Amino acid sequence: MKKSIVVFVLVLAAIQSYGADLFQDGKLRDIKKGDLIVSTDTIGGYPIYQDDGRWQFASSALSQSTGTEIIKMGEVFLDYYQGSELLARQWLKATLTSGSIGNWNGTPCSPDHMVVRNKGRGKQDNCMTIDPRIINVGATPTLFLTIALTNTGSMGRYYRLNLSVNASQLGIKKSGVGDWTKEDLKVDVKKQEVLDRLTKWAELLQDASIQAFDFSKPQDVYAKIPLLTSLLPAQ
């Protein structure tokens with residue numbers, strides 16, 4: 001019996017050593033650029049969209065709210081490579097401490113986006129938008145389609161996930177921000193098909209992020225999201 005208890009404790013310690021919150025005691029835990037994010041890693045206690053386990057830690061930052069009540073926030077950038085190419089970049093920002101303030105200001109679901117899906121209610125934001133964005137990959141400006149999920153609520157809670165997917169990897173080569181206007185999409189069937197496919201996938205991600213934002217912070221909400229690679233064109 002004693003032997004079994006010892007084994008259990010050792011297994012539990014091993015699990016905890018490989019997965020924990022990225023921010024501990026108000027600062028980034030010991031993690032290096034290129035380290036993989038594991039399924040038990042969290043940010044402010046909130047789960048991280050894991051996909052197939054290929055997200056690599058890139059960088060981080062600490063910030064805090066302004067005003068009379070200070071709420072600490074952490075943010076991280078994660079990169080996902082398909083071969084040698086950057087397929088996606090994930091930016092996460094979440095509250096590390098709670099407060100007593102009512103709600104955050106802002107209009108994340110304003111109509112000036114390529115795609116808008118508003119699931120918010122009352123003073124709580126649950127917003128999904130998609131827009132074309134230029135991201136520098138090394139020294140090369142590259143067009144990504146950025147899914148922005150914004151969840152805010154009472155007690156100063158804030159959980160934002162931006163997931164940018166390389167448009168070239170999705171099958172759209174050499175396009176710029178100006179090539180994704182409503183007028184352009186009306187006549188470019190391929191772009192519209194790519195956007196429609198990405199939007200359906202993003203809706204699943206949004207629904208999961210809303211569950212993740214619950215006070216209980218459930219850890220398994222992203223488990224059934226189709227893989228990023230399911231968005232890629234057939235070879």
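This briefing describes the sheet, the nonpolar core, the disulfide and the salt bridges of one structure.

The model is predicted: local features need pLDDT of at least 70, side-chain atom pairs count only at pLDDT 80 or more, and totals for chains, interfaces and linings use all residues. Residues are numbered from 1 along each chain as its sequence is written, and side-chain values use heavy atoms, with hydrogens and water left out. Helices (H or I, at least four residues) and strands (E, at least two) are DSSP runs, numbered from the N terminus.

- Seven strands make up an open, antiparallel sheet, in the order β5-β6-β7-β11-β10-β9-β8; two strands count as paired if DSSP finds at least two bridges between them.
- At the edges stand β5 (55-64) and β8 (115-118), each of which pairs on one side only.
- On average, and ignoring direction, neighbouring strands of the sheet are turned by 20 degrees against each other; axes are lines fitted to C-alpha atoms, for helices over the stretch in contact, and angles run from 0 to 180 degrees between N-to-C directions.
- The antiparallel strands β8 and β9 (residues 125-137) are joined by four bridges, and N118 has C127 of β9 as its bridge partner.
- Helix α3 (residues 189-212) packs on this sheet and touches β8, β9, β10 (140-152) and β11 (158-166), where contact means heavy atoms within 4.5 Å.
- The direction of α3 makes about 125 degrees with that of β9.

**Nonpolar core**

- In soluble globular proteins, nonpolar side chains tend to be buried together.
- The largest nonpolar core holds 49 residues, and the members that touch the most others are Y49, L163, W201, Y222 and L228.
- Such a core is a set of buried Ala, Val, Leu, Ile, Met, Phe, Trp, Tyr and Cys residues joined through side-chain atoms within 4.5 Å; buried means under 20% relative accessible area, exposed over 50%, and partly exposed in between (1.4 Å probe, protein chains only).
- Two or more residues come from each of β5, β6 (72-82), β7 (85-95), β9, β10, β11 and α3, and α3 gives the most, with eight residues.
- Leaving aside residues up to four places away in sequence, the contacts of Y49 include W55, Q90, L163, W201, Y222 and L228.

**Disulfide**

- The whole structure has one disulfide, defined as a pair of cysteine sulfur atoms within 2.5 Å.
- This disulfide joins C109 to C127, with an S to S distance of 2.1 Å.
- Because C109 lies in the loop between β7 and β8 and C127 in strand β9, the pair ties together parts that are 18 residues apart in sequence.
- The link of C109 and C127 is right-handed, with 105 degrees about the S-S bond, and both cysteines are buried.

**Salt bridges**

- Eight salt bridges are present, each being a side-chain nitrogen of Lys or Arg within 4 Å of a carboxyl oxygen of Asp or Glu.
- R29 pairs with D41, the closest N and O atoms being 3.0 Å apart.
- R29 and D41 both lie in the loop between β2 (27-28) and β3 (42-43), so the pair ties together parts that are 12 residues apart in sequence.
- Both R29 and D41 are buried, whereas K32 and D30, which form a salt bridge at 3.7 Å, N to O, are both exposed.
- D207 and R117 meet in a salt bridge of 3.1 Å, N to O, linking helix α3 to strand β8 across 90 residues.
- D207 is partly exposed, with a relative accessible area of 29%.
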